[in-house]
Amino acid sequence: AEAYYQKVPLIVVTADRPLESIRQFDNQVIDQVAPFFNHSVGFFEFPPELRSEEELVAALSSAAQLLREAVSLRGGPVHLNVPMVEPLYELLPEPALSGFGNGNLTGSGEESPGVFPPLPGDKKILVLAGMGTHDERVRSALESLVASGQTVVVAEHIANMPSDLFISNAELVLAGASPEERSRLAPDLVIGFGGQVVSKRLKLFLQRLKGVDFSTIQDDPGGALKALSVSSPGKGKGGPNLFQEVWKSIESRELRRAGQFLAKAPFCGLTAVQIALSSVPANAVVHLGNSSTVRFAQLMPVRKELTYFSNRGTSGIDGCVSSAVGAAMVSDGLHLLLVGDLSFVYDSNSLWNRNFPMNLKIIVLNDGGGGIFRLLDGPGRMDFFEEFSVTHHPVSLELLSQSFGRNFSRAAQREEFTEELAQLFRPGSQLSVLEVDTTGLENSRTFKEFMNQNI
């Protein structure tokens, strides 16, 4: 499901028994089609038996087409199911075909034509660059739009498209804007592409707009945005982008105010994220866990020399550690995972890997279980809050890490954390897991004070 919403090319291969065995009480037999069907862009099931070379060629051709679907412009996970008949443990005959399917499976990459009609020169456009690893062609087209008309581009950290012309901290902008300023932030047209946007205030702001047109680019944002920038009536006129100036002035003001607050704030989860993101070496890959971690991160200045990832397709906490482990295993650079204690505990089996990558460094923000709900306005008012919402756990993160052979350290104070960070990021360091113990701190109070001082 996460790959489906992020359009990540994922190939899922499942073993199965023939259809006639299902519901006949054979051991370990289930319907392998239904569990994945609604979250895949393609499905193919091999015949249980292939009786001729023609049948084999047809089946392999279908499988090859399935792989092409995974890497197409509308890519995502595909599911290949392989029913197996008894006997299961005898050697198979030599392949009847050699070298089949070695062709290029790369997607077409064709540019889509512009999908937008000519726009009036004074029309205010808000472009939402959602989560993704967007290429330079997209960035260039958006910068041309900003330079040629009344266009604002919102690109949060996980959009991986930093530019001095774009807005990276929309949550801060909308938290700090006055009612009069909010009215000036409203667009006439919203264009979105990519994946999720983190900012809850931005989503609510857009949902409450009246008389605003919304458009989504599905396939090729680079081609569509390039066509839009070329056809923009303000192209080449070089007039001031007053719409962008409003957004930018508020963002600059709120970032200064946020920096002043954090410099004096007590040590807590929020300040720990700020210190970690400002200390991680350049060119690192930062994996942001869901819940409070990714929300804290979006309040910090974006660093252009970092790459940011997060499992925001479905925004679940399962698999956050596994994703970071897998990414670091196929990379030589430094990877940093910032994750909460529940996410870490849920996915701790990913540490059980004989090829565990030592270039992955994990910072676990331990606020005593499910602290995100203390930050939200609604759950804390419920009488069952502490018993069911917070999810207290008795797990020792130190013993858990050591049980998988991972070197562990802990910090509970600002100075201690800074010292441990230096050790964590030292080249050749064997330290893998650093726990930031904030269980005894008032994380929610500091966070709410931080957000309220920006209103």
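Colleague: In which elements of the protein chain is confidence lowest and highest?
Modeller: This is a predicted model. Confidence in the protein chain is lowest in helix α14 (residues 372–375), with a mean of 56, and highest in strand β8 (residues 285–288), at 98.

Colleague: What is the mean pLDDT of the chain?
Modeller: The mean pLDDT of the protein chain is 86, and 86% of its residues reach 70 or more.

Colleague: Where does pLDDT stay under 50?
Modeller: That holds over residues 106–114. The model has 15 contacts for this stretch beyond four places in sequence. Where pLDDT is low, the predicted coordinates should not be read in detail.

Colleague: Which residues of α10 are buried?
Modeller: The buried residues in α10 are G269, L270, T271, A272, V273, I275, A276 and L277. In soluble globular proteins, nonpolar side chains tend to be buried together.

Colleague: What does F417 touch, leaving out residues up to four places away in sequence?
Modeller: F417 has contacts with F267, A272, I275, A276, I363, A411, L434 and V436. Of these, A272, I275 and A276 are among the buried residues of α10.

Colleague: A change of topic: is A324 buried or exposed?
Modeller: A324 counts as buried because its relative accessibility is 0%. This residue lies in helix α12 (residues 320–329).

Colleague: What does A324 touch, again leaving out residues up to four places away?
Modeller: A324 is in contact with H287, L337 and L360. As for F309, 15 residues from A324 along the chain, the two C-alpha atoms are separated by 8.8 Å.

Colleague: On the surface, which residues form a nonpolar patch?
Modeller: M84, L88 and Y89 form one, with about 370 Å² of accessible area together.

Colleague: Where is the place of Y89?
Modeller: Y89 is found in the loop between β3 (77–83) and β4 (125–129).

Colleague: Why does Y89 count as exposed?
Modeller: Y89 has a relative accessible area of 79%, and exposed means over 50%.

Key:
Residues numbered from 1 in each chain as written. Predicted model: local features only at pLDDT ≥ 70, side-chain atom pairs only at ≥ 80, totals over all residues. Heavy atoms only, no water. Patch = residues over 30% accessible without salt bridge, like charges linked within 9 Å, V, L, I, M, F, W, Y side chains within 5 Å. Areas by Shrake-Rupley, 256 points an atom, 1.4 Å probe, with all protein chains shown as cover. Salt bridge = Lys/Arg side-chain N within 4 Å of Asp/Glu carboxyl O. Helix = DSSP H or I, 4+ residues; strand = E, 2+ residues; numbered from the N terminus. Buried < 20%, exposed > 50% of the residue type's maximum accessible area, 1.4 Å probe, protein only. Contact = heavy atoms within 4.5 Å. pLDDT = per-residue confidence, 0-100.
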